[in-house]
Amino acid sequence: MAKPSRLPANYERNVFINCPFDDEYKSLFYAIVFAVNDLGFKVKCAKDESNAGKSRIEKIRDLIAECKFSIHDISRVDLDSVNKLPRFNMPFELGLDLGCRQYGKSYHQGKVVLVLETEQYRYQKYISDLAGCDPVAHHDCEEDVIDHVRNWLRMALDPDSEKTPSGSLIYQRYQQFQVDLPSLCASFNWNANNLPFSDFAWSVARWIARNPIPST
Amino acid sequence: MAKNSAANKNSVTARSKRTKKYVPKYLHVAYRYPEGWIIHNQNYRTLSTHDTRREAVEVARPLAKKNEFTLVIHRRDNRVMKWESYYRGPKPPPQPPKVMFPTDPPRTTTVEAIDRAIMEIIEERRNKEAKKIEVSERVVRRSKSQQQSKVGLKSASQR
């Protein structure tokens, strides 16, 4: 009988997000963070402040090991306008996560992965080994990405104890949050276009706590 | 004295029975490489290994029924396929998910300050919405009274 090693804190509720952190992707990233929080999960990403003393790869390795769920967006495969080279960080971290699932501790074998792309079958042209992971297309649309994240995490919630909000309700709440965010930024003199991740994550979590989904 | 204590004991047990919380326990059927289909508990302890999912479910289901567990059947990619609850007692209605707060503190301010600012924004928004509703109700009331006065004038002229 395999003896499991000690589970990391909140392992079953941690979601690792591996996505581009550029300005163009920011709206989708914020939408994913909001949806994950609204479903009662906790976001972990490389922008976390903790483990600041570690190298980037060590930090990512630890984050992957702490999370049962992970969202990988591999949509940014276009060539960089300056270097004329694609960015490999996202596919690399996806590989690291799949490796952790395969060779990690016993509980890591139960890891669940969501792969996002802009177009449905584009990944087959540049990363055909991913066949079987079934990436889903978000078409660079916030509503679509929220819907995909919701449908993916919904099955992880026990229907007898937790009521999952619909994708459209989460999107509606996210739109309301977006309306409130500039006022929040103004009260702290934050630059809305360059928010530190921890500040944003706390704003989302506190906003959700103060605007709960009605239980009936 | 002894009677009293017995009565107290009884009332305590009755209360604890009434307020006994429903705490779901889970049994999972999932795929693991290279073992195959396994049954594991909620602490990821493997209980048995099987060649097919059907076999694993056939073993796990009676076990879940007997212990009033919830059986969670997974797909090969680990996503949950089905939840089967065998708890026979009364269950509270499902609640919306609870918020999980970040581990790291905010970088430029405090959690309390963020909370206070959000409360103020929400209150301001609610006041604005209430004002809007009040204005629209006033408009409706005014148009109704105007219509009524028009009808009154018409009937008076017809007379």
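Trainee: How many strands does the open sheet of chain B have, and in what order?
Mentor: In this predicted model, the open sheet has 5 strands in the order 3-2-1-4-5, with mixed pairing; strands here are DSSP runs of E with at least two residues, numbered from the N terminus, and two strands pair if DSSP finds at least two bridges between them.

Trainee: Which are the edge strands?
Mentor: Strand 3 (46–50) and strand 5 of chain B are the edge strands, since each pairs on one side only. From one strand to the next the twist averages 20 degrees, where axes are lines fitted to C-alpha atoms and angles run from 0 to 180 degrees between N-to-C directions.

Trainee: What holds strands of a sheet together in general?
Mentor: Strands of a sheet pair through backbone hydrogen bonds, and they do this either parallel or antiparallel.

Trainee: And strands 4 and 5 of chain B, do they run parallel or antiparallel?
Mentor: They run antiparallel and are joined by 5 bridges, and one of the residues involved is Leu71(B), whose bridge partner in strand 5 of chain B is Glu84(B). The two strands form a hairpin with 5 residues between them.

Trainee: Why does Asn78(B) count as partly exposed?
Mentor: Because Asn78(B) has 19 C-beta neighbours inside 10 Å; a residue is buried with 20 or more other C-beta atoms within 10 Å of its own, exposed with 12 or fewer, and partly exposed in between, the C-beta atoms being placed from the backbone.

Trainee: Switching to chain A, where is Asp140(A)?
Mentor: Asp140(A) is in the loop between strand 5 (136–137) and helix 5 (142–154) of chain A, a helix being a DSSP run of H or I with at least four residues. Asp140(A) has a positive phi of about 55 degrees without being a glycine, and it is partly exposed, with 14 other C-beta atoms within 10 Å.

Trainee: Back in chain B, what joins Tyr33(B) and Pro34(B)?
Mentor: A cis peptide bond joins them, with omega about 0 degrees, and Pro34(B) is found in the loop between strand 1 (26–32) and strand 2 (36–41) of chain B.

Trainee: How are the residues and chains labelled, and what pLDDT do local features need?
Mentor: Residues are numbered from 1 along each chain as its sequence is written, while chains are lettered from A and ligands numbered from 1 in the order in which they are written. For this predicted model, local features need pLDDT of at least 70 and side-chain atom pairs count only at pLDDT 80 or more, whereas totals for chains, interfaces and linings use all residues.
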